[in-house]
Amino acid sequence: MAIQNPYPVGPPFGGPRPVVAAKDLRPRRVWYLVAALLGVVLAGVGVALVVVTVKDTLGSIDTARSFSSGASRRFGFTQGETKAIYVSQTGRGRVECRIPGMRPGAITRPNGTFRISLGSRSWDRVLEVKPSGSGEFTLTCTSELPAEFALGDNPRVGATVGNIGGAIGCFLAAFFSAAAIIAVTAVRRSSHRRRLTAASAVPPQWNPAAPQWGPAPPQWNPAPPQQQGPSSSGPPPGPQPGPPA
């Protein structure tokens, strides 16, 4: 019985795998750059919103024309434009302000509090001014504690909160959008690599004379016919008896 090589063309598994070039994969790697640029743009918008909001808030107080408690200063007012009076003091001293020449009730106390920190000073909004006419008026303010007063714009709390919320939304969108594009691109490129690798792999050849799995089955050869010997029932070998010549 002859045993043939079960792997006439090499083992069916193993060996070097086909190499797929990165440039042949889809989607292209440029999508990684797109994700990075999108994240940078959205993050930049968020930073811009924060900077604009802080700049507008800090510039809403005219600290260059502040005055001490008990002093007075003239300011220009416009009818229909609400202004705010800010105070910087240590503690909570009672604040009183008046504007001679302006109708009674023009100065009111706001419903909520609003504080702005500029360097080492904190300015609290304590009063609002709704002028009844346009022109220059003298503002006089006093406090129970040593204090500095300044006139500024009435804070737009809703706009400030909206800008901060928009900035946070831009930061979150920058992170999640970039991460999603990168993840989808990586998964799809990996799947495409597997498909290309499977398509370019050469399957093992099959030889019918030598099956791939296990040794070849034993071959059966019929025995050659054997020559039969003399039979006891037949005539003996040699000349046959016959009548004499």
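A salt bridge is taken here as a side-chain nitrogen of Lys or Arg within 4 Å of a carboxyl oxygen of Asp or Glu. The structure is a predicted model, in which local features need pLDDT of at least 70 and side-chain atom pairs count only at pLDDT 80 or more, while totals for chains, interfaces and linings use all residues. Residues are numbered from 1 along each chain as its sequence is written, and side-chain values use heavy atoms, with hydrogens and water left out.

Six salt bridges are present in the structure. One of them joins lysine 83 to aspartate 153, with 2.9 Å between the closest N and O atoms. Because lysine 83 belongs to strand E3 (residues 83-89) and aspartate 153 to strand E9 (residues 147-153), this pair ties together parts that are 70 residues apart in sequence. Strands (E, at least two residues), like helices (H or I, at least four), are DSSP runs numbered from the N terminus.

The two partners differ in their exposure class, where buried means under 20% relative accessible area, exposed over 50%, and partly exposed in between (1.4 Å probe, protein chains only). Lysine 83 is buried at 15%, whereas aspartate 153 is partly exposed at 33%. Lysine 83 also takes part in a network of salt bridges with Glu81 and Asp153. A polar contact is a pair of N or O atoms within 3.5 Å; within protein, one must be able to donate a hydrogen and the other to accept it, and residues adjacent in sequence count only if both atoms are side-chain atoms. Such a contact, of 3.4 Å, joins the side chains of lysine 83 and glutamate 81. With contact defined as heavy atoms within 4.5 Å, and residues up to four places away in sequence not counted, lysine 83 touches several residues, including Phe77, Leu127, Val129 and Leu151.

Two further salt bridges can be described. Arginine 115 pairs with aspartate 124, the closest N and O atoms being 2.7 Å apart; arginine 115 is exposed at 54%, and aspartate 124 is partly exposed at 21%. Glutamate 96 meets arginine 94 at 3.0 Å, N to O, and glutamate 96 is partly exposed at 38%.

Two strands are said to pair if DSSP finds at least two bridges between them. An open sheet of three strands runs in the order E2-E8-E4, with antiparallel pairing. Strands E2 (72-77) and E4 (95-98) stand at the edges with a single partner strand each, so one side of each is left without a neighbour in the sheet. On average, neighbouring strands of this sheet are turned by 30° against each other, direction ignored; here the axes are lines fitted to C-alpha atoms, and angles run from 0 to 180 degrees between N-to-C directions. Four bridges connect E4 with strand E8 (residues 135-143) in the antiparallel sense, and arginine 98 stands opposite threonine 140 in E8.

A nonpolar core is a set of buried Ala, Val, Leu, Ile, Met, Phe, Trp, Tyr and Cys residues joined through side-chain atoms within 4.5 Å. The largest such core has 19 residues, of which Phe77, Ile85, Cys97, Leu139 and Phe149 touch the most other members. Elements E2, E3, E4, E7 (121-129), E8 and E9 each give two or more residues to this core. Phenylalanine 77 touches residues including Lys83, Ile99, Met102 and Phe137, not counting those up to four places away in sequence.
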